[in-house]
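Look through the fold below, strand by strand and helix by helix.

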Amino acid sequence: MTGETVTVVLRGELDVTIEGFLRGRLSRIHAMEPSRLVFETAQVTYLDCASARLIAGTGDWLPAGVKPVVSSPSPIVRRVLQASGIGAFCELRP
């Protein structure tokens, strides 16, 4: 955490087997009340829609008009977010 920005570094496969773990970690971050949330996803090798929805859903508890940032999306992350439409709820950054 830097100031009011929390950066979450994700790697590996984000599928149904880690959904509960990810949800728990995000709940702990929610309790910190960050003003900005950045997901570093360069090393994500698989992303299912449930995990993508969890990431995008964090925007619900950020200040109005602020979207979670998906930084350095791997090709699969970019593809899932764009193909599913979930990316509209995030800010994609190279």
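Two strands count as paired if DSSP finds at least two bridges between them. The model here is predicted. Strands of a sheet pair through backbone hydrogen bonds, either parallel or antiparallel.

Start with the sheet. Four strands form an open sheet in the order β1-β2-β3-β4, and the pairing is parallel. β1 and β4 (91-93) stand at the edges. Each has a single partner strand, so one side of each lacks a neighbour in the sheet. Neighbouring strands are turned against each other by 25° on average, direction ignored.

Now take the pairing of β3 with β4. Three bridges join these two parallel strands. In this region, Val-69 stands opposite Glu-91 of β4. A helix crosses here too. α3 lies across β2, β3 and β4. Its direction is at about 110° to β2.

Move to α1 (19-31). This helix has 13 residues. From its first C-alpha to its last it reaches 18 Å, close to the 18 Å expected at 1.5 Å a residue. Which residues of α1 are buried? They are Glu-19, Leu-22, Leu-26 and Ile-29. Viewed down the helix axis, the buried residues of α1 fall within an arc of 85°, so they line one face of the helix. That set packs against β1, β2 and α2. The other side of α1 has exposed residues: Gly-20, Phe-21, Arg-28 and Ala-31. After α1 comes Glu-33, with a positive phi near 55°.

Next is α2 (49-57). Its buried residues are Ala-50, Ser-51, Ala-52, Leu-54, Ile-55 and Ala-56. What covers them? The cover includes strands β1 (5-14), β2 (36-47) and β3, together with helices α1 and α3 (75-84).

Is Thr-58 buried or exposed? Buried means under 20% relative accessible area. Thr-58 has 2% relative accessibility, and therefore counts as buried. Which residues does Thr-58 touch, leaving aside those up to four places away in sequence? They are Leu-26, Leu-37, Phe-39 and Pro-68.

Technical notes. Residues numbered from 1 in each chain as written. Predicted model: local features only at pLDDT ≥ 70, side-chain atom pairs only at ≥ 80, totals over all residues. Heavy atoms only, no water. Buried < 20%, exposed > 50% of the residue type's maximum accessible area, 1.4 Å probe, protein only. Contact = heavy atoms within 4.5 Å. Expected span 1.5 Å × (residues − 1). Arc of directions from axis to C-beta. Axes fitted to C-alpha atoms, helices over the stretch in contact; angles between N-to-C directions.
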